[in-house]
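User: I am new to this structure and would like to learn how to read its features one at a time. Could you take me through them, giving the general idea before each case?

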Amino acid sequence: MIPTIGALPAADIAAQLAGQGLLLRTGPIVQRITSRLPEVARTIRTLYAHHPVPEDDGFADFHVGVRRAPGLRGHWRAQAEFLFDGAQPFAPLPLPQAYALLEWGLNWCVAQTCHQYLIIHAAAVERNGRVAILPAPPGSGKSTLCAALVQRGWRLCSDELTLIDPADNAIQALARPINLKNQSIGLISDFAPDARFGPLTHDTTKGTVGHLRPPQDSVARVNERARPRWIIFPRWQAGSTPQLVARPKAEAFIELADNAFNYSVLGEQGFTTLAGVIDDCESMSFTYDRLDDAITAFDRLAEKAR
Amino acid sequence: MRWLQHDWADGAVVYDRQTGDTHALDPLAAELFQLPAEQRSDPASACDAIATLLQQTVDAPLREAVQEAFSRLRQLELI
């Protein structure tokens with residue numbers, strides 16, 4: 001049986017992070033993470049509890065770290081820095097945001113380097129072998145809806161980064177923690193009392209953020225690829241009844257391309273990949289208020305597509 | 001071939017291999033864009049060609065719709 005991160009003693013995780021780095025595999029990506037921050041060690045152990053401990057063959061796609069800033073910046077209003085191959089790709093954040101910085105940094109690494117995939121800023125969830133892609137701007141309720149769906153039997157592929165393989169247009173899952181903000185945290189805690197969050201981070205530029213542990217089944221099936229079947233643009237609207245409205249395919253294409261991190265990097269391959277995905281999918285706008293109603297609407301779609 | 005076009009019943013997208021730009025077109029503009037170059041660059045002959053495709057005579061609403069699609073292609077520098 002392959003050991004999981006959650007089964008490792010906390011002291012081992014802290015020691016690996018402080019030493020040569022903790023290896024973490026999320027789908028096809030292996031990252032080696034270093035950090036001496038106890039909060040980072042504890043949170044990794046909580047949120048990646050179901051992830052297997054990869055065999056250390058010396059290889060990692062990303063070498064990343066999060067550390068207390070050196071010198072005065074580490075003491076006076078202490079800051080945390082994210083490191084990628086020893087370089088700092090973006091500005092430091094307040095130290096209490098160190099773990100969130102690590103998650104955002106890992107997203108950045110994928111978006112910047114994994115050009116073997118077309119990468120869309122979207123959530124992706126799977127049921128019965130078919131994937132729903134949920135692209136949406138911040139504040140639309142995408143992550144909340146994604147979190148609710150995966151607590152009710154949908155498989156989490158990804159909350160932030162949908163990876164599409166141009167070879168066959170299949171979705172490659174990552175099954176990383178879901179990033180929720182502000183009221184969504186309480187909403188999902190009430191909706192799924194067993195859902196496990198890492199510690200909340202307050203006063204970020206996005207408000208309070210909390211990461212939700214991915215379901216065990218989603219982690220176990222992370223390499224089960226599936227074809228997209230729906231592109232659904234969600235929008236939470238107070239008092240609305242759930243409504244799915246078809247969207248013109250060309251319009252959906254442009255919106256997905258606008259939400260892609262590397263559409264222009266891939267050039268013609270990006271165009272043909274996205275066109276193929278749109279060919280295979282129904283494109284819809286979805287307005288909802290209550291999560292239970294949203295789940296019912298999604299379950300109906302999945303049932304109809306069987 | 002500079003352009004790559006992908007069509008659906010409710011519209012199309014066009015990829016420009018020279019610039020890397022992508023544009024969405026409504027069905028009429030997409031049809032117009034597929035006409036031979038000499039037809040699509042002249043609104044009157046484009047209108048005739050579209051009327052033939054639709055198997056109807058040229059009338060004011062059609063002329064107006066084609067003119068609009070023509071302007072859209074111009075604006076996108078597709079003609």
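User: In which sense do strand 11 and strand 13 of chain A pair, and over how many bridges?

Analyst: Two strands count as paired if DSSP finds at least two bridges between them, and strands (E, at least two residues) and helices (H or I, at least four) are DSSP runs numbered from the N terminus. Here strand 11 of chain A and strand 13 (residues 207-212) of chain A pair in the antiparallel sense over four bridges, and A:Asn179 stands opposite A:His211 in strand 13 of chain A. This is a predicted model, in which local features need pLDDT of at least 70 and side-chain atom pairs count only at pLDDT 80 or more, while totals for chains, interfaces and linings use all residues. Residues are numbered from 1 along each chain as its sequence is written, with chains lettered from A and ligands numbered from 1 in the order in which they are written.

User: What is the strand order of the open sheet in chain A, and which strands are its edges?

Analyst: The open sheet of three strands has the order 11-13-12 in chain A, with antiparallel pairing, and the edge strands are strand 11 (178-181) and strand 12 (201-204) of chain A, each pairing on one side only.

User: Which helix of chain A packs on the sheet, and what angle does its direction make with strand 12 of chain A?

Analyst: Contact between two residues means that their C-beta atoms, placed from the backbone, lie within 7 Å; axes are lines fitted to C-alpha atoms, for helices over the stretch in contact, and angles run from 0 to 180 degrees between N-to-C directions. Helix 3 (residues 98-113) of chain A packs on the sheet, touching strand 11, strand 12 and strand 13 of chain A, and its direction makes about 75° with that of strand 12 of chain A.

User: Is A:Phe271 buried or exposed, and which residues of chain B does A:Phe271 touch?

Analyst: A residue is buried if 20 or more other C-beta atoms lie within 10 Å of its own, exposed if 12 or fewer, and partly exposed in between, with C-beta atoms placed from the backbone. A:Phe271, in helix 9 (residues 268-280) of chain A, is buried because 24 other C-beta atoms lie within 10 Å. Not counting residues up to four places away in sequence, A:Phe271 touches B:Leu4, B:Tyr15 and B:Thr22.

User: How many residues does each chain give to the contact?

Analyst: Chain B gives 13 residues and chain A gives 12 residues. On the side of chain B that touches chain A, strand 2 of chain B gives the most, with four residues.
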